[in-house]
Amino acid sequence: QMLDTIDADGAILVWNHLLKLCEGNEEKAIALIDMCQVTAHSGNEEQRDLAVPLKSPYELPHNHAALDALCGKVASFRDLIQPAQETQRSSLPADERFLDEAYDETLAIVHTLSKEESVHIIATWLLSLSMCDLSLFVALRQLPAKRVDSKGGASHGIELQADGKTGRVTELKDGIAIGYEYEVKVVDCDAKPANKLMKREQSERAMCKLIM
């Protein structure tokens, strides 16, 4: 969630803006995002240069005034609606145009983003999707039970999984060591490719046509 500054609809708006900056060239826009993902820093450093600090492994653009404004706008809106979510009571302004005005103001900021700022936002958002769509595989295998003497402390306990080595959990009960060998694998944890956002934008555009 620290990476998820905007939602999918917001990411699509930024994508469309980036596409305009790339003169409608989808391949060029995708290449810029993919290049940003390849040049990620090791670690997840907090970017304190922003008024609303983010955590992202991607380098912050040198000129990030519009990105700063967008993060501040999103944060202020989140602070406004969070009490209503927690208390389940509406604390939003009574003016029915409030949401439309907030949307228009945020969209105006999106339109001021530079190419580098747009790429940074989209690449970070795509990375946030990884934690929403990863899979864990846990394999367990029971080990043959064996009798040990009371001094066999080494026959019970936990051996953590390491590179190239499975983990082991052993319990000593009535002089019998009962153990399990385990292995945990995490898959689908890579950053999502840029064309995933493009495909989502195309599917939502088709859905809007059906509704209208």
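Guide: Two packed helices are described by the angle between their axes and the distance between the axes. Here helix 5 (residues 115-130) packs against helix 6 (residues 194-211) at an angle of about 90 degrees, with the axes 9 Å apart. Helix 5 is therefore roughly perpendicular to helix 6, a term for angles of 65 to 115 degrees. Axes are lines fitted to C-alpha atoms over the stretch in contact, and angles run from 0 to 180 degrees between N-to-C directions. Helices are DSSP runs (H or I, at least four residues), numbered from the N terminus.

This is a predicted model: local features need pLDDT of at least 70, side-chain atom pairs count only at pLDDT 80 or more, and totals for chains, interfaces and linings use all residues. Residues are numbered from 1 along each chain as its sequence is written, and side-chain values use heavy atoms, with hydrogens and water left out.

Visitor: Which residues of helix 5 and helix 6 meet?

Guide: Contact means heavy atoms within 4.5 Å. Ile122, Trp125, Leu126 and Leu129 in helix 5 meet Ala194, Lys196 and Leu197 in helix 6. Of the residues in this contact, six are nonpolar, none is polar and one is charged.

Visitor: With which residues is Ile122 in contact, leaving aside its neighbours within four places in sequence?

Guide: Those residues are Ala11, Val14, Trp15, Leu18, Ile33 and Leu197.

Notes
Helices (H or I, at least four residues) and strands (E, at least two) are DSSP runs, numbered from the N terminus. Angles under 35 degrees count as roughly parallel, over 145 as roughly antiparallel, 65 to 115 as roughly perpendicular and the rest as oblique. Ala, Val, Leu, Ile, Met, Phe, Trp, Tyr, Cys and Pro count as nonpolar, Asp, Glu, Lys and Arg as charged, and the others, Gly among them, as polar.
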